[in-house]
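This briefing sets out selected features of a predicted model. The points are grouped by topic and may be read alongside the structure shown below.

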Amino acid sequence: MIKIQSIFPRGSNVTKTVKPFLAALHGETQARPPIWLMRQAGRYLEEYREVRKNVSGFLELCYTPELACEVTLQPIRRFGFDAAIMFSDILVLPDALGQEVTFVEGEGPKLAPIRNGSDLSKLSADWIHQRLEPVYEAITLMKQRLPDQTALIGFAGAPWTVATYMIEGGSSKDFANTKAWAFQNPNSFQDLINLVADATADYLCAQVDQGVEAVQLFDSWAGVLPEDAFARWVIEPTKRIVDRFKQRHPDIPFIGFPRGAGINYPAYVEATGVTAVGLDTTVPTKWAAETLQKKLPVQGNLDPQVLLAGGDMLDQSVGRILENLQDGPFIFNLGHGIIKETPVSHVERLMNLVRGRV
Ligand code: 1CP
């Protein structure tokens with residue numbers, strides 16, 4: 001644990017300022033919680049759309065350090081969030097493992113699907129750091145250019161979620177091919193999960209070596225599995241990553257986000273060893289305060305659709321989340337990524353509500 005010193009106002013030259021986002025992750029309760037938003041860089045910002053229209057593909061944006069740095073900084077300049085999340089995508093990892101990944105305008109990601117052990121044998125973790133070098137360069141630029149009080153978050157997708165894209169070849173509604181493989185050939189599916197898990201741990205460690213100050217593991221599709229499968233394909237691989245990561249970086253906070261885990265949240269927290277947990281939109285905040293926040297810092301969980309709606313609904317929802325969660329270590333966030341139609345004025349209103357400026 002790093003020592004938390006008292007937090008001095010911005011501009012104070014008394015001693016080192018602890019970044020509010022990191023203080024929360026180290027267990028500190030603050031009068032005003034720090035805030036950042038999942039997918040805070042993206043299409044709801046005109047300055048992002050401007051950069052995006054000048055690159056041919058989405059991956060080109062991820063792999064051009066100057067541009068990835070620029071779009072990471074855009075929401076910080078505009079709103080002054082307490083943390084920046086490095087601009088990239090969870091699908092750069094399959095790309096680095098040797099699976100072809102493209103993003104088709106209006107259709108989302110497309111991957112040449114892998115369906116069995118023989119497809120899997122064509123992938124290799126041997127070159128991931130060479131392939132991901134532009135991401136590491138981007139992190140260096142971000143560290144140089146971020147304001148002093150803003151923390152930098154690194155991230156990756158969790159093995160189960162990444163495997164769904166690798167196997168389905170893109171987004172999916174029912175995960176039929178992934179479940180078929182996992183349920184019919186669990187041993188060879190385990191080989192895929194282990195390959196992704198170990199590469200992910202090494203990738204996250206490399207992000208820390210470049211300067212990120214906390215990491216988040218996105219398990220966006222954790223909520224679609226029956227209980228035994230949740231234990232084997234969500235909890236176990238996450239624990240494997242956390243263990244491998246903590247061996248090298250015991251003091252770097254690790255946020256797990258098992259979206260849709262529902263009643264499995266306590267088991268996830270208990271068994272994986274994550275430092276903090278992201279709550280999705282459906283998690284009742286009073287329950288989270290009693291069941292989860294007594295054990296670890298929590299992050300979340302405003303419904304992105306409520307932020308899109310704005311008005312009284314936004315004010316009331318933010319009020320209830322603050323009331324239920326701000327008496328313990330807490331980071332304000334959405335319960336899933338920001339929606340691209342969200343008016344910038346609603347994000348400004350949210351900042352004012354959370355910072356107590358209304
Ligand atoms: O051209 C574009 O602008 C495409 C939109 C976009 C953006 C802005 C994609 C395509 N990815 C991203 C960036 C991104 N993705 C970030 C960094 C930006 C930030 O947070 O500020 C992060 C953390 C992600 C993570 C990500 N990518 C997840 C996990 C979080 C979640 O939303 O559940 C997932 C599942 C993806 C896959 C992905 N990337 C993009 C698309 C369209 C998809 C598929 C989403 C789906 O299947 O529903």
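In this predicted model, Tyr 136, Ile 139 and Thr 140 of helix H8 are in contact with Ala 206, Gln 207 and Gln 210 of helix H11. That contact comprises 3 nonpolar and 3 polar residues, with no charged residues. The points below begin with this pair of helices and proceed to the other helix contacts, the strands, the ligand and the backbone.

**Helix contacts of H11**

- Helix H8 spans residues 133-145, and its axis comes within 9 Å of that of H11, at a crossing angle of roughly 35°.
- The crossing of H8 and H11 is right-handed.
- Helix H11 covers residues 186-210 and also packs against helix H12, residues 227-248; their axes come within 9 Å and cross at roughly 35°.
- The crossing of H11 and H12 is right-handed.
- On the H11 side, this contact is made by Ile 193, Ala 197, Asp 198, Thr 200, Ala 201, Leu 204 and Cys 205.
- On the H12 side, the residues are Trp 233, Pro 237, Arg 240, Ile 241, Arg 244, Phe 245 and Arg 248.
- By class, the contact of H11 with H12 contains 9 nonpolar, 1 polar and 4 charged residues.

**Helix contact of H2 and H4**

- The axes of helix H2 (residues 46-53) and helix H4 (residues 65-79) cross at roughly 165° and come within 9 Å.
- H2 is therefore roughly antiparallel to H4, since angles over 145 degrees count as such.
- The crossing of H2 and H4 is left-handed.
- Glu 47, Tyr 48 and Val 51 of H2 form the contact with Leu 67, Glu 70, Val 71 and Gln 74 of H4.
- The residues of this contact divide into 4 nonpolar, 1 polar and 2 charged.

**Sheet and hairpin**

- An open sheet of 7 strands runs in the order S1-S4-S5-S6-S7-S8-S9, with parallel pairing.
- Strand S1 (83-85) and strand S9 (330-334) are the edge strands, each pairing on one side only.
- On average, neighbouring strands of this sheet are turned by 25° against each other, direction ignored.
- Within the sheet, strand S7 (residues 276-278) and strand S8 (residues 298-302) pair in the parallel sense over 2 bridges; Gly 278 has Gln 299 in S8 as its bridge partner.
- Strand S2 (residues 101-104) and strand S3 (residues 108-111) pair in the antiparallel sense over 4 bridges, and Phe 103 stands opposite Pro 109 in S3.
- S2 and S3 form a hairpin with 3 residues between them, and Gly 106 in the turn has a positive phi of about 80°.

**Ligand surroundings**

- The ligand is surrounded by 22 residues, of which the closest are Ala 41, Gly 42, Ser 171, Phe 218 and Ser 220.
- The shell around the ligand consists of 11 nonpolar, 7 polar and 4 charged residues.

**Backbone exceptions**

- Most peptide bonds are trans, and most residues other than glycine have a negative phi.
- The peptide bond from Gly 300 to Asn 301 is cis, with omega near -20°; Asn 301 lies in strand S8.
- Arg 39 is not a glycine, yet has a positive phi of about 60°; Arg 39 is located in the loop between helix H1 (20-25) and H2.

Key. Residues are numbered from 1 along each chain as its sequence is written. This is a predicted model: local features need pLDDT of at least 70, side-chain atom pairs count only at pLDDT 80 or more; totals for chains, interfaces and linings use all residues. Axes are lines fitted to C-alpha atoms, for helices over the stretch in contact, and angles run from 0 to 180 degrees between N-to-C directions. A crossing is left-handed if the near helix is turned anticlockwise from the far one by less than a right angle, and right-handed if clockwise. Two residues are in contact if their C-beta atoms, placed from the backbone, lie within 7 Å. Ala, Val, Leu, Ile, Met, Phe, Trp, Tyr, Cys and Pro count as nonpolar, Asp, Glu, Lys and Arg as charged, and the others, Gly among them, as polar. Two strands pair if DSSP finds at least two bridges between them. Angles under 35 degrees count as roughly parallel, over 145 as roughly antiparallel, 65 to 115 as roughly perpendicular and the rest as oblique. A residue is near a molecule or strand if its C-beta atom, placed from the backbone, lies within 6 Å of it.
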